[in-house]
Amino acid sequence: MFKKTIAAVGAGVAAVALLAGCTAGAGSEGTDASGDVTLTFLTFETPNLDAAYWDETIERTNAIVPGVKIERLVAPNNDRDAYARQLDSTGELPDIMVAVNPTGLAEAGKLAEFSEDELENWIDPTSNSFDGTIYQLPTNTQTIPNMYYSKAAFEKAGVAEVPQTWDELLAASEKVKAAGITPIVVNGGGADTWANIYALDGLIGTEVYAKNPDFLAQLASGDTDFSDPDFVTAVTKFKELIDKGYVSPTTLSKTYAEGQEAFLAGDGAMYPMGSWFSVAPDEAAQEDLGVFAWPSDDGSLIMPTYTGGGLSVSSSAPDVDKAKEWALAWSQVQENNAGGVLNDGLFVALKDFTVPEGTTKLYDESLALYNDAVENGTVVTVFGNEGGIPSLPSGFNAEVNAAITDLVNGQTDVDGFIDQLNQKYTELTQ
Amino acid sequence: MARRRAGEEWTVSISSTTRVAPTRERDEHRATPRSNGVIRRGLRRWQEAGTFAVFVLPSLAVFTAIVFVPIVWTLAIGFTDERATRPETSFIGFDNFVFLLTNPSFLQALGNTLLITAIVVIFTNALGLAIALMLHKSGWLYNLLRSVFFTPVILSAVIVSVIWRSILVDDGLLNTTLRSIGVTDPPGWLSDPAIAIYSLSSIMVWQMLGFAVVVYLAGLAGIPTELEEAASIDGAGPLARFRAITWPLLAPSLTITTVMLMISSFKVYDQVAVLTNGGPGSGSTATIAFEVIQTAFVEQRTGMASAMAGIMLIIVAAANLIVLRVLQRREVTH
């Protein structure tokens, strides 16, 4: 009996060891014999930003910041926010991180502060700051989403003009669907469930943030919740796209990379995606593709935009000052940012930055849309990308992604979607 | 304990830790065989204790430091509201446990875990036994087939999942093949919430099948051929021989495979993370292990995640205890 008990408990031990035994081994080694400080740098790789891109940026930065050795870490998938927090939970927060949402880490004192003086070259140094305290360099602007479309699909379906209003989007989608083409491509399969949010992001931009820029602040203060009429309208419109067959459960099973590849291969007419997509198609494909802003009710230009996504530094780095120096330098190397433009379609938010030669047609068109929105004063927040104070709690986006999939698959309705978000938000903020 | 008196000498044994009685006293003991035996037994005990200390204590210390203490610590954290992003932590008693046992998401993950475990244990055992019976022959072909069946076991679960994902995704190899033979609307093996958990379980069965085959082959090899021959002479057919001889004597193999498969299934995480990320949708394939990782490392609620791990510990331990008790009762020897 004793042996059985031991065996059974031993089996259970394996279960608890899941949590107790998780370490990632991301810690830096500090200073070596030569006096160089070794710093870990968390990156992520995508079809646009491959290993060579990151290695070259590191090499360039090391050339101007001596005494630093960089040990590059790669997030296992595009969800580097989750990975950074996983590392943090095991006491191995990387010394320098790129595009990791600082929410939670900053409040817990785990990130080093930057001063506005250090960021005098930045266009909007306090973007996504924590009541003015800067924890992440707001180096990059991305518009999320743009609606990329296939001219060939529109032509085949008889759509002569790109949709500017919601009604025109519905009409165009109907024609595309009748032509046997998936109207709006939404992906999010496998581990890439995060990728299914962009169509809803467009709707939350036009229906919520364009009408009430303080929605998230009101949510954080408890003055509203996701039953807010504007938010419900956004979700209801998304459900309309699903019910009419314009958003397909089939495409939802594809990962981000598979979905992008399929769209470029002609599978689907419209692809709501961040501005980084503008550099993904090759030269031939660029000619067949165009871009327009997510349509609003009256056709006015609303552009959900995120400025941030730059580097942040751990407050427990072996040499915080050196890590900050390296991060500031990395962010201002013209070639690094030019690489970000050419490889990831970034709009660089630095005063002295010059857009390099050789940008793609879609990049130029996406940038033009953004500049128009800036000129019109119709730039709005991107739902799920809010940084600083206020922002959504860690882990909330995963619930939104799950609820979107349920909505597309017919597993829930608008009310269920709203209830699910309210419950999770309460659970995570209690 | 003997004391050293004036004029007496201490006698030191080989073991520096063993002190032997003074000479006069020792001589007195030598006088009787019984006292000699007592000394030898005492010495042997000391030597055994020394051996224990040398060989067991280091590993016990390592086990305690890197397994036992973290587990106890994890369980203790389950009684707090600790969050990685919040400096202050409070003791909240059983609140986390009460919340979890009434939380639909956690109960769904628990149900999924139990379903996966049941599928994996039943089907892997059944198929493993069937294949082992077929392969319980000599010859190069059978040796080759044994290797083929065992290959998935040594592959990483992540690699296996990536391969199967490319087959099972909606436009993957399987559905493309089905469409090519006229199936117009093939199932969404990973995208349909009603099917995905069975796809996931099937992949686990596929990967673990080789393990069950090997264990059953070892069990079959241990059954004396005389028993089968005697039964044949007595007129028993193949089915009767299986029921009366093979199956009872394979009981230890069944115990091993069942317990190991249960443990593997209860803590499944890799396949879920790669194939479905807990979806499609809200937790349709989420397991307890997946929820533990999500809660701890994504939501950063380490107190809640620790409570989940504690519940998992209790369930796994209880389930294994029951299974061991039931299966070992039917084990026979020959």
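1. Helices (H or I, at least four residues) and strands (E, at least two) are DSSP runs, numbered from the N terminus. N277(B) is placed in the loop between helix 13 (270-275) and helix 14 (288-298) of chain B. Although N277(B) is not a glycine, its phi is positive, about 55°. N277(B) counts as buried (20 or more other C-beta atoms, placed from the backbone, within 10 Å of its own), with 26 C-beta neighbours inside 10 Å.

2. This is a predicted model: local features need pLDDT of at least 70, side-chain atom pairs count only at pLDDT 80 or more, and totals for chains, interfaces and linings use all residues. Residues are numbered from 1 along each chain as its sequence is written, while chains are lettered from A and ligands numbered from 1 in the order in which they are written.

3. Chain A has 16 helices and twelve strands. Of its 430 residues, 54% are buried.

4. A99(A), in the loop between strand 4 (96-98) and strand 5 of chain A, also has a positive phi, near 55°, and is not glycine. A99(A) is buried, with 23 other C-beta atoms within 10 Å.

5. I144(A) and P145(A) are joined by one with omega about 0°; P145(A) is in the loop between strand 5 (140-143) and strand 6 (146-150) of chain A. I389(A) and P390(A) are joined by another, with omega about -5°.

6. At the interface, 45 residues of chain A are in contact (C-beta atoms, placed from the backbone, within 7 Å) with 48 residues of chain B. Helix 1 of chain A supplies the largest share of chain A's side, 15 residues.

Note on methods: Two residues are in contact if their C-beta atoms, placed from the backbone, lie within 7 Å. A residue is buried if 20 or more other C-beta atoms lie within 10 Å of its own, exposed if 12 or fewer, and partly exposed in between; C-beta atoms are placed from the backbone.
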